[in-house]
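Please take a moment with the sequence and the model before reading on. The paragraphs below go from single chains to their contact, and then to the cores and strands inside.

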Amino acid sequence: MKIIKLMFRNIFRHKLRAILTMLGVAVAVMAFGLLRTIIATWNSGSSNAAPDRLVTRDKASFVLSIPLADMQQIEHVPGVKEVSYMNWFGGVYIDQQHFFPRMACSTNIWDAYPEYVVPPDQLKAYNDDRHGCIIGRKLVEKYGFKIGDIIQLAGDIYPGQWQFVVRGIYTGNKPTIDETAMYFHWEYLNEYLEKNNPSHANNVGWYVVKIANPSNAAQVSAEVDGLFENSSAETKTETEKAFQAEFVAMYGAIITGLQIVSYVIIGIIFLVLANTMVMTARERIREYAVLKTLGFTTAHLATLIAGESLSIALLGGAIGIILTFPICAGFGKAFADFFPLMVMEPMTFILAGGLAVLVGILAAIFPIERVMNMKIIDGLRQVG
Amino acid sequence: MAEPIVRVQNVSKVYRRDSLQIPVLQNLSLDVPEGEFLALMGPSGSGKTTLLNLIAGIDKPTQGSITIGGTDIATLSESALAGWRAQHVGFVFQFYNLLPVLTAFENVELPLLLTPLSKKERREHVETALGVVGLSDRMKHYPKQLSGGQEQRVAIARAIVTDPTLIVADEPTGDLDRKSAEEVLALMEQLNSEFKKTIIMVTHDPQAAAKAHKERHLDKGELK
């Protein structure tokens, strides 16, 4: 019989209380893991950004377009390898609930984004069809689209009924790549604008500027923006990471709120576990006095109490971490339109496990302090 | 004449409660020779349990010295005192104070966990101690599966398993029926006569005290 055996017997002395406390820790760790995963997923766009890609957009606002004519000038800036462009299309498929990103893009956009993998024969078929589109693998899974299908969209930014023929299906070359978007030919959109809204034709939403050397990003950006200084459409050029981070920053308060809530949850469970441990120690104060009488030191008792607290926290934490996987997967499935891929970072689980350990240690401090200061004769008088 | 195994010299004990000072023992001296079976008697509040606690090293005197087997325990630090208790004192409490999550065997084994004995040696010691108290067949029973008398016998086995210099018993029969009390007292007599253990027993029961070799009476903190 070792002290460790006594510790484990003590844990399950009040089975219901121990199990409820463990489940409390498990739920808290799971909630922490889910919130951190949502935050990581939210930030994953900027983590996928390539260092050799710059984004040039209108300086005043992202929603304003910039002239296609700028492209030639940008291409001649030293250090620029290739320029492609995109337009946010919007539109409605079935209804507003069935959202997925839709963008009009230049034909060379696939060179700029090698992480989006399209089979060569499908890319050729797409390039040969002005009404063709390429969709992400997850859209195929969700809607059952197949090559040759027609996707009909109701235009909102660009009114009318739009038809696209599925010519290709892209997949990401790593799990964090969004596979829920749809891309089609910018020329198709521009033809419409030339007919129906000529003043908005021959404009693009933003340029994707591929550069030769990522370390020259600041210099190239400055030179690009310098070209259009004091023009009617001044530009803002920045790295793709900074561009995407701006989107994330728009929801900065929400993200910060989620981060705070994730730690508050851990704080609450710390109080719950600390309360359990204080109650436990109070009930056993006489037993601790007996152990002290028999010659067990304060260090022995501290080990007994801290071990019990840590074990509850670790068991609960482990259950919580295991539960986080199906919960995140379920959450991702339920909100697939907004979170196409739940990014479960190892750091989330390291942090969750570390916090469970910390909670276990901190929760043991109060009862240990009480037992340390307890006089044996006072403990022996205690009625359990 | 041989040195007594317990020597209490000019011991006083004052408890402080807020600004109030409560004198419990006053300038008390007591010698207990080795192999003695001493009964400390007295009315409630006379200080007999306080004296026993001081001798057992679970409380410290306000003044005076307590020497057990040549060691002045009043001068020992808390951790040294814990080690000394583990080695030299066996405790028997009124309410047995067994750990409910441990079997009789494991309860008796507890003090041995602080010794360098191997698992096999510990098992031998525990089996011997439980054999002495007549509970070899109850080793795997938990306290709630035992009668009060059996629980107290397990507590006695725990007290003797380390072969201590001194056994202190605080009202060991106070929570038992007459039959069980007789059994426990017979066991203590046996420990004293057969195993030559020095026993100091606090009791207010004259029948229990009659089993001891010697009775001392405490009244208002003074030995009579």
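What share of the contacts in chain B with a separation of 6 or more is accounted for by residues 24 or more positions apart? In this model, which is predicted, that share comes to 70%. The secondary structure of chain B consists of seven helices and ten strands, and 47% of its 224 residues count as buried. A compact globule of 224 residues would have a radius of gyration near 17 Å, and chain B, with 17 Å, agrees with that expectation. Taken along the principal axes, the box filled by the C-alpha atoms of chain B is roughly 50 × 45 × 40 Å.

The C-alpha trace of chain A spans about 95 × 45 × 30 Å along its principal axes, and 35% of the 384 residues count as buried. Of the contacts in chain A with a separation of 6 or more, 82% are accounted for by residues 24 or more positions apart.

The domain assignment of chain A gives domain 1, made up of 3–45 + 252–381, and domain 2, which covers 60–233. The centres of these two domains of chain A, taken over C-alpha atoms, are separated by 48 Å. Six residues from domain 1 of chain A and nine residues from domain 2 of chain A take part in the contact between them, and the side that belongs to domain 1 has, by class, four nonpolar, one polar and one charged residues.

Turning to the contact between the chains, 19 residues of chain B are in contact with 18 residues of chain A. On the side of chain B that touches chain A, helix H2 (78–88) and helix H3 (104–109) of chain B each supply at least two residues, and H2(B) gives the most, with five residues. Sorted by class, this side of chain B has eleven nonpolar, four polar and four charged residues.

The largest nonpolar core has 115 residues, and the members that touch the most others are Val25(A), Leu40(B), Ile55(B), Ala157(B), Val168(B), Ile200(B) and Met201(B). Helix H2 (residues 15–47) of chain A gives the most to this core, with twelve residues. There is also a second, separate core of 38 residues, which includes Val83(A), Tyr126(A), Trp186(A) and Trp206(A).

The partners of E8(B) can be followed residue by residue. Strand E3 (residues 37–41) of chain B is joined to E8(B) by four bridges and runs parallel to it, with Ile199(B) in E8(B) as the bridge partner of Phe37(B). Strand E7 (residues 166–170) of chain B also pairs with E8(B) in the parallel sense, here over five bridges, and Ala169(B) stands opposite Met201(B) in E8(B). Leaving aside neighbours within four places in sequence, the contacts of Met201(B) are Leu38(B), Ala39(B), Leu40(B), Ala169(B), Pro172(B), Met188(B) and Ala212(B).

Chain B also contains an open sheet of four strands in the order E2-E1-E4-E5, with antiparallel pairing. Strand E2 (20–32) and strand E5 (71–72) of chain B stand at the edges, and because each has a single partner strand, one side of each is left without a neighbour in the sheet. The partner strand of E5(B) can be identified as strand E4 (residues 63–68) of chain B, which pairs with it in the antiparallel sense over two bridges. In E5(B), Thr71(B) is the bridge partner of Ile68(B).

Note on methods. Residues numbered from 1 in each chain as written. Chains lettered and ligands numbered in written order. Predicted model: local features only at pLDDT ≥ 70, side-chain atom pairs only at ≥ 80, totals over all residues. Core = buried A, V, L, I, M, F, W, Y, C linked by C-beta atoms within 7 Å. Buried ≥ 20, exposed ≤ 12 C-beta atoms within 10 Å, placed from the backbone. Contact = placed C-beta atoms within 7 Å. Nonpolar A, V, L, I, M, F, W, Y, C, P; charged D, E, K, R; others polar. Rg over C-alpha atoms; globule rule 2.2 N^0.38 Å. Domains from an automatic or database assignment. Pairing = 2+ DSSP bridges.
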